[in-house]
Amino acid sequence: MLYAKITGWGKAIPPASISNDEISVVVDTNDEWIAARTGIRARRVSHVSTAELATIASKHAIACAGLEGHDIDLVLLATCTPSTIVANTASLVQKNIGATGAAACDVNAACSGFLYALQNATAQIQAGMIKRAVVVAAERMTWYVNWAKRDSAVLFGDGAGAVVLEASSEPSGLMATKTGCDTEDRDILHISNYGSDQDKYQPVGPSDIQFEGREIFKRAVTGMSIACDDVMQKASLSLDDIDVLIPHQANLRIIQAIQKKLAISDDKVMVNIDQYGNTSAATVAIALCEAVEQGLIKPHANIMSAAFGAGLTWAASYIRWGERTAPIKTCDYSFPPCQKSGLELINDAVQACKSAD
Ligand code: ACO
């Protein structure tokens, strides 16, 4: 039996951030409300493109695995904020990382995208089609934010995370997974004014993220808990077998509700929403990377991950870690210097949103 072992991991966290106090200057909100209702204390704003975020995370993951770009057979980029649609953004990442022989494809399953892509790449490795893949999730969610609306302005951030998968006979990597899509209410979470359904010769207005927060909240808790239960059953796992839970980071209260339903203790749950907000597909990838860096993921750890996003897509995955929790090599490649603060980076967009409001 072939497995797709995770041998490398890396992330790209933009240097510029916006605190809750700073966002309170932009919209009518305050640190107390944001922290209590969402768990978010700050979010990052990228001064580079989605493709560059993905490139940085991928380069770190490849070095961590002790590989070079040309060793990679497939680049799957999970994103709903692609730099370009045609050509796909993954093709630029493939070029940037020197994976000249690799196939390259974007995957859009919104916040569930990383787990969808992980499933896809794992299946290709297990089928013997490829030997090594980079699965990267990168988002510039702040690009979709309407800075005149306090419901969305406080929630989202930018960033990227990546893993390298390698064919292995060792039972590790994605061991069981379930993905799905509850499409009936797909309109409760969407980007306005986007895509070929628009009349391209008429002005349609900005593409903003729009959602019904309370509905999504309920569905996210129920959907992710049921999916986790299903996957644990499929893998014959009990709750005691789970060492780490890596949930999508959309709201701390959603994470706590899932944790309560699954009866998992605080020390087993990876939370970083306080620092980054919701980075859509990238949340799970970044959290996985930081869980290893922080020692939460130990050799041979059993990891449950779950995500929920527009579509309404959902996914739950059981991942078994390998022996190694330290990088084989490190990589110096990083962000170009950023001369602006987070607020300065969004200033033009804030002015445009306010004058359109
Ligand atoms: N600051 C201050 N007050 C606010 C803010 C804000 N940023 N946003 C909303 N409020 C107010 C509302 O106007 C409302 O006031 P009212 O009672 O006077 O009418 C009050 O707070 C309560 O509003 P709710 O929308 O009911 O607040 P809720 O507790 O549901 O929190 C939130 C809203 C954070 C969006 C929550 O519903 C949520 O996290 N939902 C799921 C996440 C989500 O939708 N993410 C979108 C991406 S999809 C994904 O990642 C799965």
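First, some ground rules. The model is predicted, so local features need pLDDT of at least 70 and side-chain atom pairs count only at pLDDT 80 or more, while totals for chains, interfaces and linings use all residues. Residues are numbered from 1 along each chain as its sequence is written, and side-chain values use heavy atoms, with hydrogens and water left out.

## The chain as a whole

The chain holds 11 helices and 13 strands; here helices (H or I, at least four residues) and strands (E, at least two) are DSSP runs, numbered from the N terminus. With a radius of gyration of 19 Å, close to the 21 Å from the globule rule for 357 residues, the chain is as compact as a globular protein of that length. That radius is taken over C-alpha atoms, and the rule is 2.2 Å times the number of residues to the power 0.38. Along the principal axes, the C-alpha atoms fill a box of roughly 60 × 45 × 40 Å.

How much of the chain is buried? Of its 357 residues, 53% are. Buried means under 20% relative accessible area, exposed means over 50%, and partly exposed is in between (1.4 Å probe, protein chains only). The accessible surface comes to about 15300 Å², and 49% of it belongs to carbon and sulfur atoms; such areas come from the Shrake-Rupley method with a 1.4 Å probe, and for residues only the protein chains shown count as cover.

Now for who touches whom. Take the contacts (heavy atoms within 4.5 Å) between residues at least 6 apart in sequence: 78% of them join residues at least 24 apart. As for charge, the mean positions of the 30 positive and 39 negative charges are 2 Å apart. Lys and Arg count as positive and Asp and Glu as negative, with His and the chain ends not counted; each charge is placed at NZ of Lys, CZ of Arg, CG of Asp or CD of Glu.

UniProt, in an unreviewed entry, marks residues 106-182 as "domain: Beta-ketoacyl-[acyl-carrier-protein] synthase III N-terminal". That span is 23% helix and 40% strand, and its end C-alpha atoms are 21 Å apart. The unreviewed entry also places "domain: Beta-ketoacyl-[acyl-carrier-protein] synthase III C-terminal" at residues 232-321. Here the figures are 33% helix and 22% strand, with the end C-alpha atoms 16 Å apart. UniProt positions are given in the numbering used here, feature names are shortened, and annotations may be inferred rather than shown by experiment.

## The active-site annotation

Which residues does the UniProt annotation "active site" cover? In the unreviewed entry they are Cys111, His248 and Asn278. They span 168 residues in sequence, yet no two of their C-alpha atoms are more than 8.8 Å apart, so they gather at one spot.

Cys111 sits in the loop between strand E5 (103-107) and helix H5 (113-126). Leaving aside residues up to four places away in sequence, Cys111 touches His248 and Asn278, along with Ser280, Ala281, Ala307, Phe308 and Gly309. His248 is in another stretch, the loop between strand E11 (244-247) and helix H8 (252-262).

| Residue | Relative accessible area | Class |
|---|---|---|
| Cys111 | 10% | buried |
| His248 | 3% | buried |
| Ser280 | 1% | buried |
| Thr29 | 13% | buried |
| Ser236 | 65% | exposed |

Thr29 lies in the loop between helix H1 (20-26) and helix H2 (31-38). Its contacts, again without residues up to four places away in sequence, are Ile23, Ser24, Ile34 and Val154.

Most residues other than glycine have a negative phi, and most peptide bonds are trans. Ser280 has a phi near 50 degrees, a positive value, and lies in the loop between helix H9 (273-276) and helix H10 (282-293). Ser236 also has a positive phi, near 50 degrees, and is found in the loop between helix H7 (213-234) and E11.

Then come the cis bonds. One joins Val86 and Ala87, with omega about 0 degrees; Ala87 is in the loop between strand E4 (74-78) and helix H4 (89-96). Another runs from Gly311 to Leu312, with omega near 0 degrees, and Leu312 lies in the loop between strand E12 (302-309) and strand E13 (313-320).
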